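Here are some friendly notes to read with the model open beside you. Take the points in order and find each residue as you go.

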Amino acid sequence: MQTQRTCLALDLKDNDELIAQYEHFHQPEHIWPEIPKGIRAGGIVDMQIYRLRTRLFMIVETEEGIDLNTAFEAIGKMPLQAEWAAFMEGFQQRLAEAKPHEHWAEMKPVFMLNDCLK
């Protein structure tokens with residue numbers, strides 16, 4: 001299966017307690033079970049979130065040809081997804097660089113090793 005990767009960025013509010021809670025709710029034993037199931041059902045093959053201080057970096061892999069915005073819209077209509085997104089917004093703040101329609105700002109690819117070795 002061919003996949004495509006999209007990388008996104010977002011900031012957490014600069015508050016150690018909120019950051020700890022954000023990480024807590026993303027652990028397998030604490031995340032609402034409907035959330036990862038909905039993400040997968042929406043066409044996401046894999047999703048990972050990394051943190052450096054307040055900056056979050058999300059890697060999303062979809063099957064090639066799947067539009068990520070369309071997938072996110074479909075996921076948002078599934079049970080508890082909108083409630084989860086609203087809950088998470090209490091921890092997050094959009095980047096100034098985000099486009100008006102973006103919550104997570106899409107990052108521009110700069111270097112791809114595999115492209116250099118073809």
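1. Leu12 has Gln92 as its bridge partner in β4. Strand β4 covers residues 92–93, and β1 pairs with β4 in the antiparallel sense over two bridges. Two strands are said to pair if DSSP finds at least two bridges between them. Helices (H or I, at least four residues) and strands (E, at least two) are DSSP runs, numbered from the N terminus.

2. Before you go further, note that this is a predicted model, in which local features need pLDDT of at least 70, side-chain atom pairs count only at pLDDT 80 or more, and totals for chains, interfaces and linings use all residues. Residues are numbered from 1 along each chain as its sequence is written, and side-chain values use heavy atoms, with hydrogens and water left out.

3. Stay with β1 and look for its other partners. Strand β5 (residues 105–106) pairs with β1 in the antiparallel sense, again over two bridges, and Ala9 has Ala105 as its bridge partner there. Nine bridges link β1 (residues 3–12) to β3 (residues 55–63), and these two strands run antiparallel. Along that pairing, Leu8 sits opposite Met58, and Leu10 sits opposite Leu56.

4. Now move to β2 (residues 44–52), which is joined to β3 by eight bridges, the two running antiparallel. Tyr50 has Phe57 as its bridge partner in β3. Together β2 and β3 form a hairpin with two residues between them.

5. Most residues other than glycine have a negative phi. Arg53 lies in the loop between β2 and β3, and at 68% relative accessibility Arg53 counts as exposed.

6. You will find Leu80 in the loop between α3 and α4, where it is partly exposed with a relative accessible area of 33%.

7. Next, look at helix α2 (residues 34–41), whose buried residues are Ile35, Gly38 and Ile39. They cover an arc of only 100 degrees around the axis, so they lie on the same side of α2. The arc is that of the directions from the helix axis to the C-beta atoms. On the other side of α2, Lys37, Arg40 and Ala41 are exposed. The cover over the buried residues includes β2, α3 (68–76) and α4 (81–89).

8. Helix α4 has its own buried residues, Gln81, Trp84 and Met88. Seen down the axis of α4, they fall within an arc of 60 degrees and so line one face of the helix. These buried residues pack against α1, α2, α3 and β4.

9. Finally, the largest pocket has a volume of about 1,200 Å³. Of its 44 lining residues, the closest to its centre are Ile39, Met47, Met58, Phe72 and Trp104. On a 1 Å grid over the protein atoms alone, a pocket is an open set of points where a 1.4 Å probe fits, with protein on both sides within 12 Å along at least five of seven lines; lining residues have an atom within 4 Å of a point. Grid points are joined across faces, edges and corners, and the volume is the space filled by probe spheres set on the points. β2 gives the most to this lining, with eight residues.

10. Met47 belongs to β2 and counts as partly exposed, at 25% relative accessibility. Leaving aside neighbours within four places in sequence, Met47 is in contact (heavy atoms within 4.5 Å) with Ile39, Met58, Ile59, Val60 and Phe72.

Notes:
Buried means under 20% relative accessible area, exposed over 50%, partly exposed in between (1.4 Å probe, protein chains only).
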